[in-house]
Every structure is written in structure tokens, then in C-alpha cells.
Amino acid sequence: MSDLEDELRGIVGPSHVLVDGDLRAPYETDWTRRFTGSARCVVRPGSTAEVSAVVRACAAAGAPIVVQGGNTGLVGAGVPAGGEVLLSLTRLGRIEPVDPVEAQVTVEAGVTLEKLQAHARAAGLDFGVDLAARSAATVGGMIATNAGGIRVLRHGSMRAQVAGLEAVLPDGTVLTRLTGLAKDNTGYDLNQLLAGSEGTLAILTRARLKLVPLLPARVVALVAVAGTDAALDLLAAARARLAALSAAEIFYPDGLDLVRSYAKLPAPFTEPAGAYVVLECAGRTDPTDDVLELLSTCDAVEDATVASDRAGLDRLWSYREAHTEAISAAGVPTKLDVCVPLGELSTLVAELPGAVTAVAPAARAILFGHLNEGNLHVNVLDAGERAEEVTDAVLRLVAAHRGSISSEHGVGRAKAPWLALSRTPEEIAAMRRIKAALDPAGLLNPGVLLPH
Ligand code: 2HG
Ligand code: ZN
């Protein structure tokens, strides 16, 4: 075995350098089975100092690195393209006690969202970002991709939760800014630069995170509406009248059918509808009356079902949250995460299926997502050999509607060739200059975000 692997064993211990193909395999394919590549080896450091030493050793050997958290990413940024050292950060699992006065907590990058939520809730607080992959998604990966999820409407994306970061630069230097200061105008905001940089500038090892009030009184309404325009009318009414609104999600009949047969769920309504909206309100006191009042007076509502007990909340949410798994069970989808201004959403939804079948006649596009942000998850099944043409057609259509080709999943390897649809040549040139300044040898996550 080469000198580098020996050196890495000396840093993290022999059992945390995996070279055997069977041991590497779980790290080399993303869970959607769309991205796969073999790593030179998998290294599992257990501390920031070990990450730094591993990075120094790789830099000295000129060995490229791909960084992985919970491997729940959807754009192929966390699996190797081929031959990289795969740095898995799941052993960085320490959580410090919650600081109740600052309402902040410092955690290592490998802590899962579910563990963070449980820890915050035990202290009477909560974490502001929530998403369906909570049991495996890690804090480091979520910050690196600036993950969004179902509560962005209320608390913003992952970068809005960051009060401090610790990160290892591509030469092994450790940058630590975990102050948690709410006001701090002392120059470039390096933490915010690293949030959303998809592991191309540094490896995130620790984060100081803001926490939000724990709102135990929750109510969810699943609402049947005629279509996207009616969903937007309902959203406008909810935004104006529900101070406790914490989520507004959308899905359509074809997605509902897949979810129902996968999760064995009953039809939520006696009559089928053109679209379905999930509204959630959360407060210290029960928001049910406000929700019922809205549902009984908003013309867009065709039918609705409401729950406020734990089992009912889970049941109604599962119609929306089971989409990803239900679609995966039906095949390997081409996944595109996009957003457009809300004024363009209805037209985009109407045009998307035709744009897909024009390049892949056998394909079908399942749409669902975060209504409040105009964020659609376009999952295309049965694209066969035409996946790239489908991607191209969908992303061009989104750009034509003044949208973004990546709303909350990142660019990764999957969309790097299309970055210019959403960013100007000047912006991409500036990004390349930043990348070259921090990672002159291009060793961190090569091929991710910035096109070759
Ligand atoms: C969600 O909102 C996730 O459920 C996953 O962002 C989206 O599977 C997808 O395309
Ligand atoms: Zn999403």
C-alpha cells in the first residue's frame, strides 16, 4: 500500500482507513443510486485536528479529496468522481450543552439533524431547519449545501442558522470563528462564504448554530385546491392571516398516487383535486382556530383535513414527505431542484411535462416542493438514456422563467455544466478567483459546483 495510506492510518488509526472495495462501497454511491465512483480510500477522522492532518497529508501527496457527511445529498457532490480520498465526517459527533441565554449550540459537523433537534428540544428550544432526511443528514453537509427544507418560510435556510464555523482549508489550516456574536462587522464574513460552497473551499468541522423557540402547539392542514393558481391564492391568504404559519408545501395527483401505493395510505379526500397544499402552523398556543377560520373563508379551498395530534400530524405530513422514497421505489429518477418567482410558478408547472416529453417521450415528471419559495422538486422517471437532455430542457425552461437551477440542493456535479444558466460570466469568474485563492491546486471536491 502507498505511503499516503500508511500516513493516513497513522493519523486516524488503521480501522478508519478503508481500502477494501466492500468496505468502501456504502460511501461510493449516493442513496438515490444516481451517482457512483470509486474512491482511492475512505478516511474517517475523529476530530478537527485529525481532519487537518489528513488534509495536510493529502495536499503534500497532491491527492484530491471528496468530502461526505450523511450521504443524503442529491447532486452528487459527496461521492467520488474517481480516485479521490473520500473524507467521511460522520465520526465528528460531539454536541456541546445548549447555551440558553444566547439560544445557541456548538456541534461537530457529523451530528445528524435528528440528534440536533432532540438535543435542542430537551433544552426547551428547537432548530429552525427541518427536512425529510433528518435521520441521516449531517450539520456539516447541510451548511455546505445551504440546505432548506420545510421551515424556510419561518426561519430561513441553513446559512441563516449559522452563528459560527470552524473549517479546515485545503492546506490544512484550521479557521475558527465560533464566537456566536450577533453583531460583528470586522471584515469579510468568511463563515457565510463557506456556507453553500459545497465543500469546494474548505471542510466544515464544527458549527455554532442559532436555535429558535420550541413551539409545541402544531396544526397541519392538507388542502385540496384546483391547481397551482389556487394554491398560490391560498398561500397569499395564509401569509396574510396566519401569524403562526411555519410551512406551505405543494404536490400533485400523480405524486399522491405514487405515495399512496408506496406508503399504503388512504385517499385523503373523496374527490380528486388538481393540487394539494400542506399548511402548517406552530405556536406556543394552539393555532387551530385561525387555521379553521382561513379554511372556511378562502375561496381556493375545495376540501381540507386538519390534524393537531402527533399521529395526525405525521399522517398528513407523510403525504408530502414520502414523495422522495415513493419515487425512488418506482425507479431511479432524474432529480432537479429549481425555483422561480411565484408569479411564474403556474406557467412553469403547466409547461414542464411537455418540455420533458419533447426530449424523452416515455418520461414522466413528478412535481412537488416548497410552495412558499416557488421551489419545485422535478423528479423525472423513465427518462432512460435521455436524462441529460431532460436536465437541459428543464433547466433552460427554469432560466427562461427567471428562476434558479438550484434552489436548495446545491449544484454538485449534477448541475455544474449548467451553472451559467443562473450566474453571469462575471460572477462565475469571481467564484473561480476565490476558489483559486483558497484551493490553488484544486484538491477539494474537484468537479463540484464550478464546471471544468
Ligand atoms: C424534499 O423537499 C427534499 O423532500 C427532497 O428536498 C426532494 O427528492 C427530492 O427531489
Ligand atoms: Zn426540498
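1. Start with the strands: β16 (364-370) and β17 (375-381) each contribute at least two residues to the shell around ligand 1. Helices and strands here are DSSP runs (H or I of at least four residues for helices, E of at least two for strands), numbered from the N terminus. Before going further, keep in mind that this is a predicted model, where local features need pLDDT of at least 70, side-chain atom pairs count only at pLDDT 80 or more, and totals for chains, interfaces and linings use all residues. Residues are numbered from 1 along each chain as its sequence is written, chains are lettered from A and ligands numbered from 1 in the order in which they are written, and side-chain values use heavy atoms, with hydrogens and water left out.

2. Who sits around ligand 1? The shell is made up of L74, R320, T324, K335, F368, H370, H377, N379, E408 and H409, where a residue counts as near if one of its heavy atoms lies within 4 Å. Sorted by class, that gives two nonpolar, five polar and three charged residues. For the classes, Ala, Val, Leu, Ile, Met, Phe, Trp, Tyr, Cys and Pro are nonpolar, Asp, Glu, Lys and Arg are charged, and the others, Gly among them, are polar.

3. Now the polar contacts to the ligand (pairs of N or O atoms within 3.5 Å; within protein, one must be able to donate a hydrogen and the other to accept it, and residues adjacent in sequence count only if both atoms are side-chain atoms). R320 has a polar side-chain atom 2.7 Å from an oxygen atom of ligand 1, and H409 likewise places one 2.7 Å from a ligand 1 oxygen. For H377 the distance to an oxygen of ligand 1 is 3.0 Å. On its own, ligand 1 exposes 290 Å², and the protein buries 89% of that; areas come from the Shrake-Rupley method with a 1.4 Å probe, and for residues only the protein chains shown count as cover.

4. The zinc ion (ligand 2) is held by H370 (NE2), H377 (NE2) and E408 (OE), at 1.9 to 2.1 Å. Donors are N, O and S atoms within 2.8 Å of the metal (3.2 Å for Na, K and Ca), and water is not among the atoms, so the site may look incomplete. Along the sequence the donors follow the spacing H-x6-H-x30-E. H377 in strand β17 and E408 in the loop between α14 (387-400) and α15 (425-438) are 31 residues apart, so this pair links distant parts of the chain. H377 is buried at 5% relative accessible area, and E408 is also buried, at 10% (buried is under 20%, exposed over 50%, partly exposed in between, with a 1.4 Å probe and protein chains only).

5. E344 is buried at 19% relative accessible area, and its side chain makes a polar contact with the side chain of R402 at 3.1 Å.

6. Most residues other than glycine have a negative phi. R33, though, has a positive phi of about 70°; R33 lies in the loop between α2 (21-28) and β2 (41-43) and is partly exposed at 47%. L449 has a positive phi near 70° as well, sits in the segment after α15 and is buried at 11%.
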